[in-house]
Amino acid sequence: MNNILLVEDDLSLIDGLEFSLNKNGFQVDVARTVQEALSRLQKQSYDLLLLDLTLPDGTGFDICKKARQHSTVPIIFLTASDEEVNIVMALDMGGDDYITKPFKLNELISRINALLRRAGISHDSHNELKSNGIIIKMDENRVTKENSVVELTGAEYRLLCLLMQNPNMTLTRSLILDRLWDENGNFVDDNTLSVYVRRLRSKIEDDPQKPLNIVTVRGVGYKWNNQK
């Protein structure tokens with residue numbers, strides 16, 4: 001049974017979410033403030049975090065930032081705003097997905113299941129990928145560049161694995177979305193992928209403005225340029 005931490009201060013929404021999540025086989029802990037959420041995260045680990053954006057003593061961003069200091073746990077933001085600035089900030093902060101209120105409970109459950117499936121991809125492989133000074137130890141979910149550890153979110157890690165597993169091969173945007181999200185790519189758009197590529201480049205490229213590892217194939221997608 002997967003354990004989920006739900007961080008939400010709206011009691012009416014909490015009741016519906018907790019009931020639906022329990023009905024679908026999830027164990028749910030609820031926190032209504034940033035401090036309560038951080039306290040729970042210190043005491044135990046979770047398989048997924050559901051973070052409301054606006055909380056009485058801060059924001060879901062505060063929790064996400066703290067969690068990302070030591071964990072790649074999947075994170076979904078619950079936001080009442082569909083403004084692009086909030087969506088991009090949520091993803092840049094290390095979030096894996098977002099859903100805008102009001103939302104359908106069955107859609108949220110589908111997103112949770114898809115994200116948990118994706119999070120399990122890396123645990124199935126016990127090998128090592130090496131290219132361009134980048135090493136991925138897939139049994140440890142660990143990435144190094146020239147012997148220095150590279151801190152990646154879960155989504156960034158999965159994207160890097162996918163690219164390095166297909167060196168010098170152009171992967172279409174639709175294929176990448178299908179592989180990284182759900183089987184149909186229903187829950188994200190091209191802008192989301194662009195955010196992840198930009199963020200990953202900032203961490204593994206010597207010059208993110210002139211990337212040599214993750215190359216854009218204009219109008220098609222991306223490829224991993226295996227140089228050495």
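Axes here are lines fitted to C-alpha atoms, for helices over the stretch in contact, and the angles between N-to-C directions run from 0 to 180 degrees. The views below all show a predicted model.

**View 1. Packing of helices α2 and α3.** Helix α3, which spans residues 60–67, packs with α2 at an angle of about 20 degrees, and the axes of the two helices are 9 Å apart. Because angles under 35 degrees count as roughly parallel, α2 is described as roughly parallel to α3. On the α2 side the contact is made by V34, A37, L38 and L41, and on the α3 side by D62, I63, K66 and A67. The crossing of α2 and α3 is right-handed.

View 2. Five strands form an open sheet in the order β2-β1-β3-β6-β7, and their pairing is parallel. At the edges are β2 (27–31) and β7 (97–100), each of which pairs on one side only. From one strand to the next the twist averages 20 degrees. Helix α2 (residues 34–43) packs on this sheet, where it touches β1 (3–7), β2 and β3 (48–52), and the direction of α2 makes about 135 degrees with that of β2. Strands of a sheet pair through backbone hydrogen bonds, either parallel or antiparallel. For β6 (residues 75–79) and β7, the pairing is in the parallel sense and runs over four bridges; within this pair, D97 of β7 is the bridge partner of I76.

View 3. Residue D52 is found in strand β3 and has a relative accessible area of 5%, so D52 is buried. The side chains of D52 and K101 are joined by a polar contact of 2.9 Å. Beyond residues up to four places away in sequence, D52 touches V7, E8, D9, T59, G60 and L78 as well as K101. The peptide bond that joins K101 and P102 is cis, with omega at about -10 degrees, and P102 itself lies in the loop between β7 and α5 (105–119).

View 4. Helix α7 covers residues 173–180 and includes R173, which is buried because its relative accessible area is 18% and the cut-off for buried is under 20%. The side chain of R173 makes a polar contact of 2.8 Å with the side chain of Y222.

**View 5. The surroundings of N225.** Residue N225 has its place in the segment after β14 (221–224) and is partly exposed, with a relative accessible area of 25%. The side chain of N225 reaches the backbone oxygen of L212 at 3.1 Å. When neighbours within four places in sequence are left aside, the residues in contact with N225 are N132, N168, L212, N213 and V215. Although N225 and T170 are 55 residues apart along the chain, their C-alpha atoms are separated by 9.5 Å.

View 6. Most residues other than glycine have a negative phi, and most peptide bonds are trans. In the loop between β10 (142–145) and β11 (148–149), E146 has a positive phi of about 50 degrees although it is not a glycine. Residue N147, whose place is also in the loop between β10 and β11, is likewise not a glycine and has a positive phi of about 75 degrees. With a relative accessibility of 74%, N147 counts as exposed.

Key
Residues numbered from 1 in each chain as written. Predicted model: local features only at pLDDT ≥ 70, side-chain atom pairs only at ≥ 80, totals over all residues. Heavy atoms only, no water. Buried < 20%, exposed > 50% of the residue type's maximum accessible area, 1.4 Å probe, protein only. Polar contact = N/O pair within 3.5 Å; in protein donor to acceptor, adjacent residues only side chain to side chain. Pairing = 2+ DSSP bridges. Contact = heavy atoms within 4.5 Å. Parallel < 35°, antiparallel > 145°, perpendicular 65-115°, else oblique. Left-handed = near helix turned anticlockwise from the far one by under 90°.
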